[in-house]
Amino acid sequence: MLLPGQTDYKFVSGQYCRMDAPRTLSFTWAWEPDVASTRETQVTVEFHPRGEGTELALAHELFR
């Protein structure tokens, strides 16, 4: 990830925890390198059919 106006890249790592295509995708999220003030969090994305499109629900949890 490169933030606007910056030259230092930020890296994220994680693992897929749940894949239930085409409904749910869940994975961990952790900044690299590991910093004592942060910890791994959990991201869950759910996809819901709505008419001719898709509604997306995103939850980012387990913050300190």
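In the predicted model, D20 has T24 of β3 as its bridge partner. Strands are DSSP runs of E of at least two residues, numbered from the N terminus, and two strands pair if DSSP finds at least two bridges between them. Strand β2 (residues 16–20) and strand β3 (residues 24–32) run antiparallel and are joined by 4 bridges.

Across the whole structure, 2 aromatic pairs are found; rings of Phe, Tyr and Trp (its six-membered ring) pair if their centres lie within 6.5 Å, and planes under 30 degrees apart count as stacked, over 60 as edge-to-face and the rest as tilted. Y16 and F27 form an edge-to-face pair, at 6.2 Å centre to centre and with 70° between the planes. Because Y16 lies in strand β2 and F27 in strand β3, this pair ties together parts that are 11 residues apart in sequence. The rings of W29 and W31 have centres 5.7 Å apart and planes at 90°, so this pair is also edge-to-face.

Accessibility was classed as buried (under 20% relative accessible area), exposed (over 50%) or partly exposed (in between), with a 1.4 Å probe and protein chains only. Y16 is exposed at 56%, whereas F27 is buried at 19%. W29 is partly exposed at 24%, as is W31 at 34%.

L62, in the segment after β5 (53–61), has a positive phi near 70° in a residue other than glycine. At 48% relative accessibility, L62 is partly exposed.

Residues are numbered from 1 along each chain as its sequence is written, and side-chain values use heavy atoms, with hydrogens and water left out. In this predicted model, local features need pLDDT of at least 70 and side-chain atom pairs count only at pLDDT 80 or more, while totals for chains, interfaces and linings use all residues.
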